[in-house]
Amino acid sequence: MPDESAAIRPARRIESLPPYLFADVDRRIAEKRAAGFDVISLGIGDPDLPSPAHVVATAQEAVAEPRYHRYPDYYGRPEFRQAIARWYERRFGIELDPNGEVLPLIGSKEGIAHMPTAFVDPGDVVLVPDPGYPVYSIGTLLANGESYVMPLQAERGFLPDLNAVPEGVALRARLLWINYPNNPTAAVAPLEFFEEVVAFARRYSILVCHDNAYSEVTYDGYRAPSFLEVPGAREVGVEFHSLSKTYNMTGWRTGMVVGNPVAIEALGRVKTNVDSGIFDAVQIASITALDGDQAWVEERNVRFQTRRDAVIATLRRVGIEAPVPKASLYVWAPIPAGYSSVDFSLRILDDAAVWVTPGVGFGANGEGYFRISLTVADQRLAEALERMERVRL
Ligand SMILES: *Cc1c(COP(=O)(O)O)cnc(C)c1O
């Protein structure tokens, strides 16, 4: 007899997902809004500026085409894969085989989350940066793998110390995640660091996964490299990229992974079994974005750079010295003495009705910092900064 009193119960792996750190905070923000305060959130990493008009126009036409209304090709449209290869060649001087070294993704988060399904058996280790994008460790957990935390510290320019990974851990590791320009620290990495990563990965037969989501959001003339520029990288690694931050296209869900063909094939096999690809009209629009005039990107970056400068100037005036980021959509700033990162954020919320993300939300090693996103309209950002300047810290 089935036990009809038994409650429906999710899998243990779901129950062991880390608790959502900001559930309590969301409640506090909602309360503040309900009490009539106009809360400005500087917490969201999602460009407020529109996608390029020429991309939108292409999509509008493509959406009307009945031939794009059917299931897309599992591995992406060949012409989209070719456009990705062309973009990598133009942008980084890297030649990719569009049939085997390029795989479109439904946004890079999808591929990042599925990567451990393709490479991690129960008990295998995945090396993840902390603070970091939470999907690296969540994907690992969903594949019943174990995350090993690599702390990112200011003294090392927020680059992980690979020599600090114990030999026994490195031997059990299957994947190594890196992400430069970095979220949340806004740090960038020199090619020498990527060379070090390649040597480490070779020594321990680890697949390197570089998340290059912010390579095109750069300032002061800085050009972010591709991990694949380093000799030997393609033998040990893949790179995730996305149209989300590059072209203000977060809602469209379009990105890619390129590099090691064995890794591309394995992830592709997972994907053919769980999804059916990106809406063809979105793929057509993505081609327009990649092949189109990249001056759009430069002009967009100037706007974010102006906001960055306003944030840095305000922080200086209140006595907070944050490094000036060369890239990404964030300012990662140290918290004044006497506060935990959550206490500090709540203080700013209470006194200024502005929300900044506490560093601990990105991992234990994010404690001591807060993150400001540059993705808020100029006027709103100015208003938020004015209010923050009036807070007595
Ligand atoms: C925004 C972001 C992405 C991109 O996600 P998409 O799924 O492509 O929209 C990937 N990695 C990091 C670190 C990000 O911040």
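In this predicted model, helices α5 and α11 lie roughly perpendicular to each other. The exercises start from that pair.

**Exercise 1.** At what angle do α5 and α11 pack, and how far apart are their axes?

*Solution.* Locate α5 at residues 108–119 and α11 at residues 261–274. Their packing angle is about 105°, with the axes 9 Å apart. Angles of 65 to 115 degrees count as roughly perpendicular. The two helices are therefore placed in that class.

**Exercise 2.** Which residues of α5 meet α11, and which classes make up the contact?

*Solution.* Start with α5: Glu-110, Gly-111, His-114, Met-115, Thr-117, Ala-118 and Phe-119 take part. Across from them in α11 are Val-262, Ala-263, Ala-266, Leu-267, Val-270, Lys-271 and Val-274. Sort by class: nine are nonpolar, three polar and two charged.

**Exercise 3.** Work out the strand order of the open three-stranded sheet, then find the helix that packs on it.

*Solution.* The order is β9-β12-β11, with antiparallel pairing. β9 (330–334) and β11 (357–358) are the edge strands, each pairing on one side only. Five bridges join β9 to β12, residues 369–373. Trp-332 stands opposite Arg-371 in β12. Helix α13 (residues 295–317) packs on the sheet and touches β9 and β12. Its direction makes about 15° with that of β9.

**Exercise 4.** Which helix supplies the largest share of the lining of the second largest pocket?

*Solution.* The pocket holds about 330 Å³ of space. Its lining has 18 residues; Thr-218, Arg-223, Val-297, Glu-298 and Asn-301 are the closest to the centre. α4 (78–92) and α13 each supply at least two lining residues. The largest share, five residues, comes from α13. By class, the lining divides into six nonpolar, six polar and six charged.

Definitions and conventions. Residues numbered from 1 in each chain as written. Predicted model: local features only at pLDDT ≥ 70, side-chain atom pairs only at ≥ 80, totals over all residues. Heavy atoms only, no water. Pairing = 2+ DSSP bridges. Helix = DSSP H or I, 4+ residues; strand = E, 2+ residues; numbered from the N terminus. Contact = heavy atoms within 4.5 Å. Axes fitted to C-alpha atoms, helices over the stretch in contact; angles between N-to-C directions. Parallel < 35°, antiparallel > 145°, perpendicular 65-115°, else oblique. Nonpolar A, V, L, I, M, F, W, Y, C, P; charged D, E, K, R; others polar. 1 Å grid on protein atoms, 1.4 Å probe; cavity = no way out; pocket = protein on both sides within 12 Å on 5 of 7 lines; lining within 4 Å. Points joined across faces, edges and corners; volume = space filled by probe spheres on them.
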